[in-house]
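Got the sequence and the fold open side by side? Here is a quick tour to go with them.

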Amino acid sequence: MSKHFQFEALVRSVLPELHSYALWLARDPHLAEDLVQEALLRGWRSLHTLREPAAAKGWLMRIIRREHARYYERQRPEPVDLQAKDFPEALLSCRDEAAEIGELRQLIFELDNDYREPLVLQVLLGYSTAEIAELMDLSQGAVLTRLFRARKKLQKSLNRDSVKAQQ
């Protein structure tokens, strides 16, 4: 199989996850598409450096993460206080999801990025703590700590909202 077809097959198998990850990072569908496109271009150019095809998904996700950081280094955007209500409805919910899932999704958006990113990688994208640690350039202990704190913050937020609903 030629290099072109191998790369195309690889991209087809991981593209939905790459796009989901980019969307969670960027919180903007257009920027997410740009990040994925740039990551795939960089991946294609440096495909010869990929030694283990099984590691391709993580490799491309690291490229997306770096591209996301480069975007902000280049853009220097004005800081904006984003709230979950500022995101497109399609990003926050699915048509058939229960109200509780939508609420949980909104609470995840409200977490600091240090806690949100590893939680999204583990819960929504199925990554192990070792994979998250490698992707985020952290130790596994740091990832576990962030996951623990993210869950505690979510639990606290859910309890707070539950008490409000009962009053």
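Below is a short walk from the overall fold to a few local spots.

## The overall fold

Keep in mind that this is a predicted model. The chain comes to eight helices and zero strands. Reading from the N terminus on, then, the elements go α-α-α-α-α-α-α-α.

Of the 167 residues in the chain, 37% are buried. If you take the contacts with a separation of 6 or more, 62% of them come from residues 24 or more positions apart.

## How α1 and α2 meet

Helix α1 covers residues 3–26 and helix α2 covers residues 29–45. Their axes come within 9 Å and cross at roughly 145°, and the crossing is right-handed.

Which residues in α1 and α2 meet? On the α1 side you'll find K3, H4, F7, V11, L15, L18, H19, A22, L23 and A26. On the α2 side the partners are P29, L31, A32, E33, L35, V36, L40, G43 and W44. Sorted by type, the residues of this contact between α1 and α2 divide into 14 nonpolar, three polar and two charged.

To find it on screen, pick out Y21, W24, L25, N113, R116, E117 and V120, which line it.

Which elements give two or more residues to that lining? They are α1 and α6, the latter spanning 113–124. Helix α6 supplies the largest share of the lining, with four residues.

One last stop is T129, which sits in helix α7, residues 129–136. Is T129 buried or exposed? T129 has a relative accessible area of 18%, and the cut-off for buried is under 20%, so T129 counts as buried.

What does T129 touch, leaving out residues up to four places away in sequence? Its contacts are Q122, Q140, V143, L144 and L147.

Definitions and conventions. Residues numbered from 1 in each chain as written. Predicted model: local features only at pLDDT ≥ 70, side-chain atom pairs only at ≥ 80, totals over all residues. Heavy atoms only, no water. Axes fitted to C-alpha atoms, helices over the stretch in contact; angles between N-to-C directions. Left-handed = near helix turned anticlockwise from the far one by under 90°. Contact = heavy atoms within 4.5 Å. Nonpolar A, V, L, I, M, F, W, Y, C, P; charged D, E, K, R; others polar. Buried < 20%, exposed > 50% of the residue type's maximum accessible area, 1.4 Å probe, protein only. 1 Å grid on protein atoms, 1.4 Å probe; cavity = no way out; pocket = protein on both sides within 12 Å on 5 of 7 lines; lining within 4 Å.
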